[in-house]
Amino acid sequence: MAGFYNRIGLSEKAEYSLLKSISFLDDNPDTDSLFGLLGTSAKANRYMVLGSNIVDDNKPEKAEKYLRLAINQFNKLNSPLLFTDAPYLFLQMAKAKTLLKSDSSQYYYDKVFELLSTYKRGPLEYAWYYIEKGKDFLSKHQNDSASYYISKAKLLKNDQHLGLTSPWGELTPGYYAADLALRQNNPQLAIQLLQPEIQELR
């Protein structure tokens with residue numbers, strides 16, 4: 001039900017539903033192998049989904065609380081490699097830290113990069129990491145570093161023929177490259193950078 005409520009914009013009902021489901025779960029790291037259905041693994045999953053929904057609603061303070069709880073549950077797991085959403089969990093925390101303008105965002109982006117290798121994730125997840133890392137540098141007005149990571153995401157998207165939509169959201173490096181071009185007073189370049197993604201949306 002939480003997913004349904006969130007899709008139709010009833011975020012408070014989605015939050016209530018997820019918290020209700022968490023209240024029925026116990027802390028049992030031995031249930032790791034049940035893929036997030038029971039115990040500690042399920043708690044990590046539910047708190048991650050809750051925090052992710054809220055960070056996407058641009059409420060980083062509240063999201064950080066739930067993502068911290070998810071990470072705490074993840075750290076209890078006996079078999080963390082079975083929790084395959086770990087890179088996504090830490091990326092969502094990194095996003096929250098970016099929105100909060102916290103210096104600790106760097107720690108979480110470094111952790112994501114490490115986990116992407118540990119969990120042997122593919123081009124799509126790396127592209128998302130590059131985009132979020134680029135956005136972090138944009139928020140700090142470090143335009144050269146932002147351009148570097150956004151360009152890496154764009155190159156990976158084009159080389160691997162990654163679609164615009166994905167389980168992690170819309171993969172739009174051109175949008176952020178255009179944002180950077182506007183910050184550099186180059187609207188013509190921004191329009192040019194947006195065109196391929198506009199065509200994909202049609």
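Trainee: Which residues line the largest cavity?

Mentor: Tyr 88, Leu 91, Gln 92, Lys 95, Trp 128, Glu 132 and Trp 168. This is a predicted model, where local features need pLDDT of at least 70, side-chain atom pairs count only at pLDDT 80 or more, and totals for chains, interfaces and linings use all residues. Residues are numbered from 1 along each chain as its sequence is written, and side-chain values use heavy atoms, without hydrogens and water.

Trainee: What counts as a cavity, or a pocket?

Mentor: On a 1 Å grid over the protein atoms alone, a cavity is a set of points where a 1.4 Å probe fits but cannot get out; a pocket is an open set with protein on both sides within 12 Å along at least five of seven lines. Lining residues have an atom within 4 Å of a point.

Trainee: How much space lies in the largest cavity?

Mentor: About 40 Å³, the volume being the space filled by probe spheres set on the points, which are joined across faces, edges and corners.

Trainee: And which element gives the most to that cavity's lining?

Mentor: α5, with four residues. Helices here are DSSP runs (H or I, at least four residues), as are strands (E, at least two), numbered from the N terminus.

Trainee: Switching to pockets, how much space lies in the largest one?

Mentor: About 190 Å³. Its lining includes Asp 56, Lys 95 and Glu 132.

Trainee: What about the second largest pocket, which residues lie nearest its centre?

Mentor: Asp 56, Lys 95, Trp 128, Trp 168 and Gly 169, out of 14 lining residues. α7 gives the most to that lining, with four residues.
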